[in-house]
Each structure stands twice: as structure tokens, then as C-alpha cells.
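Subject: Structure for your review

Dear colleague,

Please find below the structure I wished to hand over to you.

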Amino acid sequence: FPYTTLFRSQVALLSELIQRVPDQPAALVMHSRQISATTRQAIQAMDQIVWAVNPKNDSLEDLANYLPQYAQEFLRTTAIRCRIDVPMVLPEHPLSTETRHNVFLAVKEALNNIAKHAQATEVWLRVSLEDQRFAVAIEDNGHGFDPDHPGRVGNGLRNIKKRVESIGGRFELWSAPGQGAKLRLILPLPPRSEEHTSELQSRQS
């Protein structure tokens, strides 16, 4: 993967920089932290790739379990607290790889926007079921914005909306200056087939 090559190059460069400043403790600490951050990013990126390409994860339950794990890991190095609200038991519903991947990328974009622009201290990630639909909501307590003039977050919001609509879903957004922001991704649940149910049962046995 191209990311692996980039990771190796970055670590090699940082390691070389450490060797050049053996008598400068501050520089050593800085470069060591950079290596740690780069390594963590590489591990997270590889984990995303493995999860995305594995067809065994093509279910609502797997998606609902993975999103909180990703959100908590993504926000771990920030000052933003991540709160999770996901049902303990979810029905067995298949999801296409395309749906699962686009929902994940939309959530990733939303978290990235929050970390970069919202100046939030808390984020809520919620997964819920509504009739034959499932919804993913992401809410923050940041400074908010005018939805008609989103400024720097506008491109990210357009990307999220495009991804959700490409898989037959609906994108909802609420925000106001000084009042945080909330977005919801609402998608139809495909019918459960007998073949998929049998496959899940055999996988769990």
C-alpha cells in the first residue's frame, strides 16, 4: 500500500533526525513523539483497510461496533471526550460493502471536521434503528456555524452529503453559532435474506 511506503519514509527520517541531536533533549522528545504519532496513524490506517475489505464485516452489527471504536481511537489524542450510544443488541441485517464503506468515510469526515474546526470538548456518536432504517448521529458542543454559510467545514459537509445520498440515504444537519452542531445519516435497511441469516448463524457457531 502507498501508505506503508510513506510511513516507512517518515519513520526513517525521524529516526535520522534523532541521531543528529543526541545532546538536545527537547529535540529528542519532539522527534520521539512524532514517531509515536506516525506509528499510531499507520496502525489505524491499516486497521481501516483490513476492516473495509473484509466481507465478513458486511452487516449492521459490525458497522455499529466498528464506528465507536474508530471514533474513540481517533479522538484519543485530542482534548475531545467521546460519548457513545449504540444499542447493545442489533438485528441481523446485511449491508453492502459500498454502504458500510461510505458510512464509515462519512463518519470519519465528520469527526475530522470537528477535531479541526469545532473547538468542541465533547462528541456524541449515536446509532439507532427507526422502522426499516438505521441512523448514525454525530453531535458536538463546539462553536457551531450557520448552515447556509458553513465556511471552512463546507467542503466536508458536501462530501458527507454526497456519500450518503450515493447509497440511497438522507443527510440531515442542524447547527447555529455558539450552539454546536448535529448531523444525521439515515439509511434504509435491506431485507434480511434466509441465506444471510444462515451465514451469520454458521459464523457465530
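Arg 76 is exposed, its relative accessible area being 52%, and exposed here means over 50%. Please keep in mind that this is a predicted model. The salt-bridge partner of Arg 76 is Glu 73, with 3.3 Å between the closest N and O atoms. Glu 73, at 30% relative accessibility, is partly exposed.

A further pair joins two strands. Arg 126 and Glu 139 form a salt bridge through their side chains, at 3.0 Å from N to O. Arg 126 belongs to strand E2 (residues 122-130) and Glu 139 to strand E3 (residues 133-140), so this pair ties together parts that lie 13 residues apart in sequence. Both side chains have intermediate accessibility: Arg 126 is partly exposed at 27%, and Glu 139 is partly exposed at 26%.

Another pair sits within a helix. Lys 161 and Glu 165 are both found in helix H5 (residues 154-166), separated by 4 residues, or about one turn of the helix. They form a salt bridge in which the closest N and O atoms are 2.7 Å apart. Lys 161 is partly exposed, with a relative accessible area of 36%, and Glu 165 is likewise partly exposed, at 42%.

Beyond these pairs, there is also a network: Glu 130, Arg 133, Arg 170, Glu 172 and Arg 184 are joined into one by salt bridges that share partners. The count for the model comes to 9 salt bridges.

With kind regards

Conventions. Residues numbered from 1 in each chain as written. Predicted model: local features only at pLDDT ≥ 70, side-chain atom pairs only at ≥ 80, totals over all residues. Heavy atoms only, no water. Salt bridge = Lys/Arg side-chain N within 4 Å of Asp/Glu carboxyl O. Buried < 20%, exposed > 50% of the residue type's maximum accessible area, 1.4 Å probe, protein only.
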